[in-house]
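Here is a short briefing on charged side-chain pairs. Look over the structure, then read the points below.

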Amino acid sequence: MDYRVHNNKRISRLGFGCMRFPKVPGDDYRIDEMRAQKLLETAYESGVTYFDTAWPYHNKTSEAFVGKVLSQYPRESYAVATKMPVGLVKTLDEAKDVFETQKAHLRTDYIDYYLLHGINYEKWQMAKSTGIYDYLLEKKAKGEIHNLGFSFHGYAKDIARILDEGSFDFVQIQLNYVDWEMQNAEFEYNAIVSRGLPVMVMEPCKGGALANLPSEAESLLKAARPESSIASWAMRWVASHDGVMVVLSGMSDEAQTADNLKTFDSVEKLSSEEEALVLKAKGIFLSSRTIGCTKCQYCMPCTKGLVIPGIIALYNKYLLDHDAAALKKEYEALPIKGSDCIACKACMPKCPQSINILEHMKQIDRTARSL
């Protein structure tokens, strides 16, 4: 396992993201605890020391589950990250209750890496005006937070303003070889590293999209490294950036976990030839015009019960493999379809990718019914 040392603690470059644990069949939120515990234990025993969770993950059950599993190991042997849900708490008192509850859930007296969650400039201003940011600084001064940062979901131009107005130890951004340009991740990355801060990366495979490329792109990468998974190319691309300390992966099954552990056993930087191949694969991917959903489920639950990320995933698969029969069959089998959307738009402000969910639900429904 590759490591970085940060503030006198050894941090694995592969981080376990605790938002996508395997779930009990038929339940969109309930963790399959037996399988998920084995995944966490396998990762830890293979050298992973960084575990990232958050207040809302798995319907507010992720933190307590992670705390239960990790408590069997020496506290100093791992780093846990969790987040203040700035979009959900409205007052300082609420924030204080959340923080104390998080420590109890995680069975710890301190949080190694604590983040303001899903920050844009408006939420940053709210964190300051309510006193939440100052409260977290106090907790850091007392040793209850070792490193304070934020996860960013705003306009790229605003990240520098936040960095200059606050005092932070790290920043978490969405970074992958597609969003490097499409979502100005390059600008965000440079703004962070130019200030001497490490970068924690979420969505290195863009919600799994870069692990399932169009066949032409997959053939290109497989010809160069037959023994390597398609996902490993995306992970290595991110890890090749010197400013990246941790690459998070939401490992939801045994195969993903094993593949990631193999990739990070000794991370190889991409060669110039491999970078050129990734650029070609990216061009092929973009030509398929997939919808940029990362399956984060922040849009859920839907007022009418639509499984929005699942519907988009069906459509993206169709765009990648052009299997019209499969889309028609799987879409018709859905109990609640895009046509059931009542255009309430409750989901749209919640989407970190700013996807026009309403229009896509209509578009997907039209496409599937016309096949």
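## Salt bridges at a glance

R225 counts as buried, at 13% relative accessibility. The model is predicted. A search of the whole structure turns up 24 salt bridges.

**The R225 pair**
- R225 forms a salt bridge with E268, at 3.4 Å from N to O.
- E268 sits in the loop between α12 and α13, and R225 in the loop between α10 and α11, so the pair ties together parts that are 43 residues apart in sequence.
- E268 is partly exposed, with a relative accessible area of 43%, whereas R225 is buried because its 13% falls under the 20% cut-off.

**A network**
- E100, K103, K139 and E144 belong to one network, joined by salt bridges that share partners.

**Helix α1 to helix α3**
- K68 and E33 meet through their side chains in a salt bridge of 2.7 Å, N to O.
- K68 lies in helix α3 (residues 62–70) and E33 in helix α1 (residues 33–45), so this pair links parts 35 residues apart in sequence.
- K68 is partly exposed at 35% relative accessible area, and E33 is partly exposed at 37%.

**Helix α1 to helix α12**
- R35 and E254 form a salt bridge, with their closest N and O atoms 2.8 Å apart.
- R35 belongs to helix α1 and E254 to helix α12 (residues 254–263), so the pair ties together parts that are 219 residues apart in sequence.
- R35 is partly exposed, at 31% relative accessibility.
- E254 is also partly exposed, with a relative accessible area of 40%.

Key:
Residues numbered from 1 in each chain as written. Predicted model: local features only at pLDDT ≥ 70, side-chain atom pairs only at ≥ 80, totals over all residues. Heavy atoms only, no water. Salt bridge = Lys/Arg side-chain N within 4 Å of Asp/Glu carboxyl O. Helix = DSSP H or I, 4+ residues; strand = E, 2+ residues; numbered from the N terminus. Buried < 20%, exposed > 50% of the residue type's maximum accessible area, 1.4 Å probe, protein only.
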